[in-house]
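Subject: Handover of a structure and notes on its contents

Dear colleague,

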Amino acid sequence: MKIEKATGWQIATVTSVHDESPRVKLFQLELPVETKFRAGQFFDIRLTAPDGYQAQRSYSITSSPDQTNSIELAIEHIRDGEVSSYFHEVVEAGSLIEVRGPFGGHFTWSPSFRKPILLIGGGSGIAPLMSMLRHRASTGGNSPALLMFSVRQEDDVLFKSELEQMARDDDKFNLIITLTRLAADHSEPFAGRATRRIDRTMIDSTVATLGGTPARAYVCGGSNFVEAIGNQLADIGLPYEEIRTERFGP
Ligand SMILES: Cc1cc2nc3c(=O)[nH]c(=O)nc-3n(C[C@H](O)[C@H](O)[C@H](O)COP(=O)(O)OP(=O)(O)OC[C@H]3O[C@@H](n4cnc5c(N)ncnc54)[C@H](O)[C@@H]3O)c2cc1C
C-alpha cells in the first residue's frame, strides 16, 4: 500500500493541553487540511525563533487514524530539551505550531494484519502503540494483542484508565504494566502489574497469553530499551522483518 505523505508544512492549532503524567503532556492539534495517516506514523514539528533559528523534532501520533482533522501527541519533558521544554513551558491552547507529516511506513499497523501482535513500549514509547490500539478498538479488531508497557513508577503510566478499560472490554487484549523503579501499588483493582524490567523470562511467560510466538512485534522507546527487547524477540524466534522498532532517543 502506498503511504500518503503530505509534503509541505502546515500550521496546526493547539486545541488542548493535558497533564497526562508528571513528565508527559498530551497536545491536541487541529490540522488545517484533512490528513490521512496510519497508526504508528509520526509528524515533524518545527519551531522558529525570532532570529530565524529553527529546531525540528519528530513526534508519534497517539490518536486513531479515524480522525483526520486533528492529531494527539504525547510529549515527554526532556530536561534542557529544546523542543520538549518549549512544549511543556510555552505551548498552550490556541498556540500555532508548524507541523509536517505524516511520515513512517515500517512502524505501522492496520486492521488488515489479522495475526497476533505483541506491542512493547517504554515510557513515552507507548505513543505510536496507543494509536494502533485505539485503531484496533475502533475497527473491532479481534486478533489477539498484548501490550507490555514499561515505566519507572505508577505515576508514569500514560493512558492508564483507557488501557485498563480496553483490557476489561476486550478479552483478546492483554495488558501488562511493569514498573522498573518502585513497587507496584497493590491496592490497584487491576492486576496486571509487575515490578521488573522486561526480560526474556517475562517475554516467554507473557507471550503464552497470545497462544504462542506473536506474528509481529512493535517495540518503541529509548534506544537501549529497543535494542535489548529487539534482541530478546529475535531469541524467541520472531523473524527479523517482523520485529518492528522505533527509537525515540539516545
Ligand atoms: C520517529 C520519532 C518519533 C518520536 N515520537 C516521540 C513522542 O511521541 N513523544 C516524545 O516525547 N518524543 C518522541 N520522539 C523524540 C523527540 O523527537 C525528541 O527527540 C525529544 O522530544 C527530545 O527533543 P528535545 O528538543 O526536547 O531535546 P534535545 O534538545 O534534542 O536534547 C536534549 C538532551 O536530551 C537528550 N535526549 C533527546 N531525546 C531524548 C529522549 N527521548 N530521552 C532521553 N533523553 C533524550 C539528548 O541527547 C540531549 O542530551 C520521537 C523521535 C522520533 C525519531
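Two strands are taken to pair if DSSP finds at least two bridges between them. Strands (E, at least two residues) and helices (H or I, at least four) are DSSP runs, numbered from the N terminus. Please note that this is a predicted model, in which local features need pLDDT of at least 70 and side-chain atom pairs count only at pLDDT 80 or more, while totals for chains, interfaces and linings use all residues. Residues are numbered from 1 along each chain as its sequence is written.

The antiparallel sheet

On these terms, strand E3 (residues 42–48) pairs with E4 in the antiparallel sense, over 7 bridges. Within this pair, leucine 47 has alanine 55 in E4 as its bridge partner. The hairpin of E3 and E4 has 5 residues between the strands, and glycine 52 takes a positive phi near 95 degrees there. E3 also pairs with E6, again antiparallel, over 4 bridges; here phenylalanine 42 stands opposite phenylalanine 103 in E6.

These strands belong to an open sheet of 6 strands with antiparallel pairing, in the order E4-E3-E6-E1-E2-E5. E4 and E5 are the edge strands, each pairing on one side only. From one strand to the next the twist averages 40 degrees, where axes are lines fitted to C-alpha atoms (for helices over the stretch in contact) and angles run from 0 to 180 degrees between N-to-C directions. Strand E2 (residues 24–30) is joined to E5 by 7 bridges, and the two run antiparallel. Leucine 29 stands opposite isoleucine 71 in E5.

Strands E7 and E8

E7 and E8 run parallel and are joined by 6 bridges. Glycine 122 has serine 150 in E8 as its bridge partner. Strand E8 (residues 145–151) is mostly covered, with 7 of its 7 residues buried. A residue counts as buried if 20 or more other C-beta atoms, placed from the backbone, lie within 10 Å of its own, as exposed if 12 or fewer do, and as partly exposed in between. Both faces of E8 are covered: Ala145, Leu147, Phe149 and Val151 are buried on one side, and Leu146, Met148 and Ser150 on the other.

Domains and ligand

The chain is divided into domain 1 (10–103) and domain 2 (117–247), with bounds that come from an automatic or database domain assignment. Their C-alpha centres lie 24 Å apart. In total, 17 residues of domain 1 are in contact with 14 residues of domain 2; contact requires that the C-beta atoms of two residues, placed from the backbone, lie within 7 Å. The side of domain 1 that touches domain 2 has 7 nonpolar, 6 polar and 4 charged residues. In this classification Ala, Val, Leu, Ile, Met, Phe, Trp, Tyr, Cys and Pro are nonpolar, Asp, Glu, Lys and Arg are charged, and the others, Gly among them, are polar.

The ligand lies between the two domains, because domain 1 and domain 2 both give residues to the shell around it. This shell holds 22 residues, the closest being Gly81, Val83, Ser84, Ala127 and Gly249; a residue is near the molecule if its C-beta atom, placed from the backbone, lies within 6 Å of it. Strand E4 (54–60), strand E5 (70–76) and helix H1 (82–89) each supply at least two residues of the shell. By class, the shell divides into 9 nonpolar, 8 polar and 5 charged residues.

Residues for your attention

Most residues other than glycine have a negative phi, and most peptide bonds are trans. Aspartate 80, in the loop between E5 and H1, has a positive phi near 65 degrees. Phenylalanine 159 has a positive phi of about 55 degrees and is placed in the loop between E8 and helix H3 (160–169). Phenylalanine 159 counts as buried, because it has 22 C-beta neighbours inside 10 Å. A cis peptide bond, with omega about 5 degrees, joins glycine 101 and proline 102; proline 102 is found in strand E6.

Proline 111 is found in the loop between strand E6 (96–103) and strand E7 (117–122). It is partly exposed, with 15 other C-beta atoms within 10 Å. Leaving aside neighbours within four places in sequence, proline 111 is in contact with His135, Arg136, Thr139 and Gly141.

With kind regards
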